[in-house]
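User: I've got a new structure open and I'd like to talk it through. Can you help me read it?

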Amino acid sequence: MGLSQPKQTRIYQNHHLDSTRWEHFKPRDGDIVVATSYKCGTTWMQMIVRHLLFEDTEGLFPVMQLSPWVDARFQAPLNEVMEMLEGQEHRRAVKTHLPLDGLPYYSQLKYIVVGRDARDVFMSMWNHYSNYNSRFYEHLAELPDRVGAPLPVCPEDIRDFYMQWISRGWFDWESEGYPFWSNLWHTQSWWNHRDQPNMLFIHYNDLSTDLQGEIERVADFLDIPVSDERLTAIKEAVTFKNMKANAESIVPEVEQFFEGGSQAFINKGTNKRWVGILNDDDLEMHEAAVKRELTPDCAQWLEHGGLVTLADLEGERN
């Protein structure tokens, strides 16, 4: 019995997303896709991939340009993004925040899926959303051909945001993630096809506890040989401390739309900040959302991390 092939069955279009932009993407063998819902270590993984692809990163474009977010309707115009990607002669890496049912699947690409406990995602998303400035709201609202309502202004109370985010979806088929898009379903949509040999699952917890080991896993998956010396150097370059110190070069000019600029964008990098913020009722809502959206094995992985091995997959199928 063959592996189940992912299929694109939905269109995601709102104030941030336009999944139809992927229709213009021309894949090349070996292209790399970093796939996260949001606030799961996206920039962290992009930087790891960048250092694996290029031994000398001096003079490279900032990560958002070198590794563009294809489905972002609010960043560069579509024709500019595609022209830039077509002009890249090196092995390419791009980013998506789409669930797997929202973009075309290519067997010749390599997909790195990064997950994180939803409660930690929420705390990071609160920092992100609450730092949007008025210029960014205006920019999103004035986008040509925007589909749906504009992004609502972030509530002043963190728990007002949480109550909607954990129990309401932006799209009709979602039940959490408002006013952005589903966080939990994103992971489940990829997890459903984790037996594909061109998918690698990386968890934020594992990056935090064994950064060099996870970098080595990524290198092996991408078929990039690296010496122990280079692994150590890459690890040092992508520690949170060094990424924070180099935030302006990683995400330059973000202060145009984001209060606190690059230092607030690359914020704390820690987990469990929800302890003492979310009460028992909030945590029950989280558990209910997890049960609605995730299979038990996916829920276990998303909360705790840990490697997904072929032996695990065989055991689940038998």
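Analyst: Let's go through it topic by topic, starting with confidence.

User: Where does this model come from, and what is its average pLDDT?
Analyst: This is a predicted model. The protein chain has an average pLDDT of 88. A score of at least 70 is reached by 85% of the residues.

User: Which stretch has pLDDT below 50?
Analyst: That is residues 313–318. Beyond near neighbours in sequence, this stretch makes 6 contacts in the model.

User: New topic: rings. How many aromatic pairs are there?
Analyst: The search of the whole structure turns up 27 aromatic pairs. One of them is Tyr105 with Tyr111.

User: Why is that pair called stacked?
Analyst: The ring centres of Tyr105 and Tyr111 are 5.6 Å apart, and the planes meet at 20 degrees. Planes under 30 degrees apart count as stacked, so Tyr105 and Tyr111 qualify.

User: What about Phe171 and Trp173?
Analyst: They form a stacked pair too, with 5.1 Å between the centres and 10 degrees between the planes. Phe171 is buried, at 9% relative accessibility. Trp173 is partly exposed, at 34%.

User: Back to Tyr105. Where is it, and is it buried or exposed?
Analyst: Tyr105 sits in the loop between S2 and strand S3 (110–115). Its relative accessibility is 15%. Buried means under 20%, so Tyr105 counts as buried. Tyr111 is buried as well.

User: What does Tyr105 touch?
Analyst: Leaving out residues up to four places away in sequence, Tyr105 touches Gln5, Pro6, Tyr111, Gln196, Asn198 and Met199. Pro6 is 99 residues from Tyr105 in sequence. In space, their C-alpha atoms are 6.3 Å apart.

User: Which polar contacts does the Tyr105 side chain make?
Analyst: There is one of 3.0 Å to the side chain of Gln196. Another, of 2.9 Å, goes to the side chain of Asn198.

User: Which charged ends sit over rings?
Analyst: Arg116 has its charged end over the ring of Tyr204, 3.7 Å from the centre. Arg168 lies over the face of Tyr178, also with 3.7 Å to the ring centre.

User: Let's switch to helices. Which residues of H3 are buried?
Analyst: In H3, residues 78–87, the buried ones include Val81, Met82 and Leu85. They fall within an arc of 95 degrees seen down the axis, so they line one face of the helix.

User: What is on either side of H3?
Analyst: The buried residues of H3 pack against strand S2 (93–96). The face turned away from that buried side carries Glu83 and Gly87, which are exposed.

User: And H5?
Analyst: Helix H5 covers residues 134–141, and its buried residues are Phe136, Tyr137 and Leu140. Their arc around the axis is only 100 degrees, so they sit on the same side of H5. These buried residues pack against helix H4 (118–130).

User: What happens at the start of H5?
Analyst: Asn133 has a side-chain oxygen there that comes within 3.2 Å of the backbone nitrogen of Arg135.

User: Last one: Asp31. Is it buried or exposed?
Analyst: Asp31 is buried, at 3% relative accessibility. It is in the segment before strand S1 (32–35).

User: What does the Asp31 side chain reach?
Analyst: The side chain of Asp31 reaches the backbone nitrogen of Arg28 at 2.9 Å. Apart from neighbours within four places in sequence, Asp31 is in contact with Phe25, Lys26, Arg92, Gln108, Leu109 and Lys110.

Notes
Residues are numbered from 1 along each chain as its sequence is written. This is a predicted model: local features need pLDDT of at least 70, side-chain atom pairs count only at pLDDT 80 or more; totals for chains, interfaces and linings use all residues. Side-chain values use heavy atoms; hydrogens and water are left out. Rings of Phe, Tyr and Trp (its six-membered ring) pair if their centres lie within 6.5 Å; planes under 30 degrees apart count as stacked, over 60 as edge-to-face and the rest as tilted. Buried means under 20% relative accessible area, exposed over 50%, partly exposed in between (1.4 Å probe, protein chains only). A charge sits over a ring if NZ of Lys or CZ of Arg is within 6 Å of the ring centre and within 35 degrees of the ring normal. pLDDT is the predictor's confidence in each residue, from 0 to 100. Contact means heavy atoms within 4.5 Å. Helices (H or I, at least four residues) and strands (E, at least two) are DSSP runs, numbered from the N terminus. The arc is that of the directions from the helix axis to the C-beta atoms. A polar contact is a pair of N or O atoms within 3.5 Å; within protein, one must be able to donate a hydrogen and the other to accept it, and residues adjacent in sequence count only if both atoms are side-chain atoms.
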